[in-house]
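Thanks for coming. Please have the picture up while I talk, and stop me if you lose your place.

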Amino acid sequence: MPLKLMYITNKPGIAKIAEENTVDRIWVDLETMGKAERQRFVNSVKSNHTMEDVSVIRSALTKAHLLVRVNPLHEGSACEVDEVIARGADIVMLPMFETADDAKRFIDLVGGRAKTLLLAETRNAEQNIDAIAALDGVDEIHIGLNDLHLDHGMTFMFELLADGTVERMANAIKKRGIPFGFGGIARLDEGLLPARHIITEHYRLGSSMAILSRSFYDSWVEAEPEEIRSIFHYGMLEIRDLEQRLADKPDAYFEENRRRVANEVQTVVKALKSRKG
């Protein structure tokens, strides 16, 4: 089954183009609490999305689902969750939670009015993944490599894929029959770790979702609509073509790719450490 691909934007024109090119979910990102401090040394975009963007993107979509990431649990979480659901969120994502009790509180706040998507991106969430996956009301879990690798003190987010962390978490989640995903992908042959090798790992592990990263298309960069449309059209065609070809590959193919990923990650980490030094 093709991966459910998610793209973060608050721009309705880009959302429509992504939707037209088989992007399954458009993601409005309301998370601001603590993010700038956590990622102060990371080259990542800090969201400027607003609650009004939820309504704007809802109105723009006709096929893709609307995913909204709220803030980590806080005293205003109930109001925040209520409002994003009222504005049309199909899926509500909780970031930076630690325990099964945190996840249960969030599930209760959503109350079955939308799908719940837990973003497991802390070491505590990793360690508690069995109990978290056992909860009633967990619709999906995404393993957030960016913050999780920072929590581990690692250099490169895909170290978590190479060292077996993602596989251990994936196995715990799969035991409960919960759809899961991890990380983000760029264009097929781009990125420090080529996206084609990451997608192949998604298929080996039984993942069902991934994020189209800023490296796929950076919506903060001004471009003409036709250029954006071309990027999404050809980029998504390449991904979907690869997925079709992966469907018939033998186990040995995926094992070879797993070893390739481990070696490539090791090379990237050495290069990044050398550059930092």
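I will start with one word. A residue is called buried when its relative accessible area is under 20%. One more thing before we look: this is a predicted model.

Take strand E4, residues 91-94. Ile91 and Met93 point one way from E4, Val92 and Leu94 point the other way, and all are buried.

Now find strand E2, residues 25-29. Here Arg25, Trp27 and Asp29 point one way, while Ile26 and Val28 point the other way. Five of the five residues in E2 are buried, so by the under-20% cut-off the strand is mostly covered.

What do the strands build together? Eight of them close into a barrel, in the order E1-E2-E3-E4-E5-E6-E7-E8, and the pairing is parallel. Neighbouring strands of this sheet are turned by 30 degrees against each other on average, with direction ignored.

Let me walk through a few of those pairs. Strand E1, residues 4-8, pairs with E2 in the parallel sense over three bridges. Ile8 has Trp27 in E2 as its bridge partner. On to the next pair: five bridges join E2 to strand E3, residues 65-69, and these two strands run parallel. Val28 has Val68 in E3 as its bridge partner. Then E3 is joined to E4 by three bridges, again running parallel.

Next, the helices. Helix H5, residues 100-110, lies across strand E4 and strand E5, which is 115-120. H5 runs at about 155 degrees to E5.

How do helix H4 and H5 pack? H4 covers residues 77-86, and the two helices meet at an angle of about 45 degrees with their axes 9 Å apart. That angle makes H4 oblique to H5. The crossing is right-handed. On the H4 side, the contact is made by Ser77, Ala78, Val81, Asp82 and Ile85, and on the H5 side by Phe106, Leu109 and Val110. These residues divide into six nonpolar, one polar and one charged.

There is another helix pair to look at. Helix H1, residues 12-20, and helix H3, residues 51-60, have axes that come within 9 Å and cross at roughly 40 degrees. H1 and H3 are therefore oblique to each other. H1 passes H3 in a right-handed crossing. In the contact, Pro12, Ala15, Lys16 and Glu19 of H1 meet Val56, Ile57 and Ala60 of H3. Sorted by type, that contact has five nonpolar residues, no polar ones and two charged.

Arg187 sits between strand E7, residues 180-185, and helix H11, residues 195-205. Is Arg187 buried or exposed? Its relative accessibility is 18%, so Arg187 counts as buried. Leaving aside neighbours within four places in sequence, Arg187 is in contact with Ala195, Phe216, Ile231, Tyr234, Gly235 and Glu238.

To recap, we went from the barrel of eight strands, through the H4 and H5 crossing and the H1 and H3 crossing, to Arg187 in its loop. Questions are welcome.

Terms used
Residues are numbered from 1 along each chain as its sequence is written. This is a predicted model: local features need pLDDT of at least 70, side-chain atom pairs count only at pLDDT 80 or more; totals for chains, interfaces and linings use all residues. Side-chain values use heavy atoms; hydrogens and water are left out. Two strands pair if DSSP finds at least two bridges between them. Helices (H or I, at least four residues) and strands (E, at least two) are DSSP runs, numbered from the N terminus. Axes are lines fitted to C-alpha atoms, for helices over the stretch in contact, and angles run from 0 to 180 degrees between N-to-C directions. Contact means heavy atoms within 4.5 Å. Angles under 35 degrees count as roughly parallel, over 145 as roughly antiparallel, 65 to 115 as roughly perpendicular and the rest as oblique. A crossing is left-handed if the near helix is turned anticlockwise from the far one by less than a right angle, and right-handed if clockwise. Ala, Val, Leu, Ile, Met, Phe, Trp, Tyr, Cys and Pro count as nonpolar, Asp, Glu, Lys and Arg as charged, and the others, Gly among them, as polar. Buried means under 20% relative accessible area, exposed over 50%, partly exposed in between (1.4 Å probe, protein chains only).
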